[in-house]
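Me: I would like to learn how to read a protein model, one feature at a time. Could you take me through this one?

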Amino acid sequence: MFAALVQGPLIRLVPVGMIVLAIQRAVFVEHTVADVKLQIVLAFAAAAGAAGGSERGAIAGFTLGVMYDLIEGTALGLTAIPMLVAGVLAGLLALVAADPQWWLAALFVLLGAAAGEAMVPVVRLFIGEDDPWPPDMATVVPVVAVSSALLSPLFVPIARWCLRMKRPEWVAPADGAPS
């Protein structure tokens, strides 16, 4: 059991997640785009899904979301569930291509982050918060999604390293292969 923990993705994901969380809390709390705080942790969860598939995206999204909830002091699961959704959706979309090009991975991250950010009010509604729907939701989701897509060329390779994924190698067909 100990060997599975050491060889699994969490041994790399947690320290990298701490760095991303620190950057989120130190830089992106004060610097906003169109009065929207950029969610780089959500972008990293969606990038993990685009890099590793839906199962690894779910693991990364839930782990990063629980870490975010513990640091922010919010209800446990308030952020973990939307990040899980972002990782799973980006991973399911990544099934389209075995090794997506950077722009296709950016599209998967964009859609995953948009779905994850759109899930936040739904989760707030389920835990019973007063007024879970922010009035500027039509601005928040596109800004977070586009910023996540712009960060994906940086986050997808980092997520691939965290999840211990290797790029597939292309092998030329043998000469004289049957047609």
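Reply: Gladly! Let us begin with what counts as a helix: helices are DSSP runs of H or I with at least four residues, numbered from the N terminus. By that rule, S148 has its place in helix α7. Keep in mind throughout that this is a predicted model.

Me: How many helices and strands does the protein have, and in what order do the elements run?

Reply: There are seven helices and two strands. Read from the N terminus, the order is α-α-β-β-α-α-α-α-α.

Me: How does the radius of gyration of the protein sit beside that of a compact globule?

Reply: The idea is to set the value against what the chain length would give. A compact globule of 179 residues would have a radius of gyration near 16 Å, and the protein has 17 Å, so the two agree. Along the principal axes, the C-alpha atoms fill a box of roughly 70 × 40 × 30 Å.

Me: What share of the contacts join residues at least 24 apart?

Reply: Take the contacts between residues at least 6 apart in sequence: 69% of them join residues at least 24 apart.

Me: And what about the surface and the charges?

Reply: The accessible surface comes to about 10,000 Å², with 68% of it belonging to carbon and sulfur atoms. As for charges, the protein has 9 positive and 13 negative ones, and their mean positions are 12 Å apart.

Me: Where should I look for the inside of the protein?

Reply: In soluble globular proteins, nonpolar side chains tend to be buried together. Here, 44% of the 179 residues count as buried. The largest nonpolar core has 40 residues, and V41, F44 and M83 have the most contacts inside it. Helices α2 (10-26), α3 (40-52), α4 (54-72), α5 (80-93), α6 (102-127) and α7 (137-162) each supply at least two residues of this core. The largest share, 11 residues, comes from α3.

Me: Which residues does M83 touch?

Reply: Leaving aside residues up to four places away in sequence, M83 touches V41, L42, A45, G61, L64, G65 and Y68.

Me: Is G57 buried or exposed, and why?

Reply: Buried means under 20% relative accessible area. G57 has 0% relative accessibility, so it counts as buried. This glycine is found in helix α4. With residues up to four places away in sequence left out, G57 touches A45, A48, G49, G87 and V88. To see how sequence and space can part ways, take G57 and V156: they are 99 residues apart in sequence, while their C-alpha atoms are 11 Å apart in space.

Me: Let us return to S148. Is it buried or exposed?

Reply: S148 is buried, because its relative accessible area is 1%. Setting aside residues up to four places away in sequence, S148 touches Q39, A43, V109 and A113.

Me: How should I read the backbone phi angles?

Reply: Most residues other than glycine have a negative phi. D131 has a positive one, near 55 degrees. D131 is found in the loop between α6 and α7, and at 64% relative accessibility it counts as exposed.

Me: What is phi of R164, and where does R164 lie?

Reply: Phi of R164 is also positive, near 60 degrees, in a residue other than glycine. R164 lies in the segment after α7. With a relative accessible area of 38%, R164 is partly exposed.

Definitions and conventions. Residues are numbered from 1 along each chain as its sequence is written. This is a predicted model: local features need pLDDT of at least 70, side-chain atom pairs count only at pLDDT 80 or more; totals for chains, interfaces and linings use all residues. Side-chain values use heavy atoms; hydrogens and water are left out. The radius of gyration is taken over C-alpha atoms; the globule rule is 2.2 Å times the number of residues to the power 0.38. Buried means under 20% relative accessible area, exposed over 50%, partly exposed in between (1.4 Å probe, protein chains only). Contact means heavy atoms within 4.5 Å. Accessible areas come from the Shrake-Rupley method with a 1.4 Å probe; for residues, only the protein chains shown count as cover. Lys and Arg count as positive and Asp and Glu as negative; His and the chain ends are not counted. The place of a charge is taken as NZ of Lys, CZ of Arg, CG of Asp or CD of Glu. A nonpolar core is a set of buried Ala, Val, Leu, Ile, Met, Phe, Trp, Tyr and Cys residues joined through side-chain atoms within 4.5 Å.
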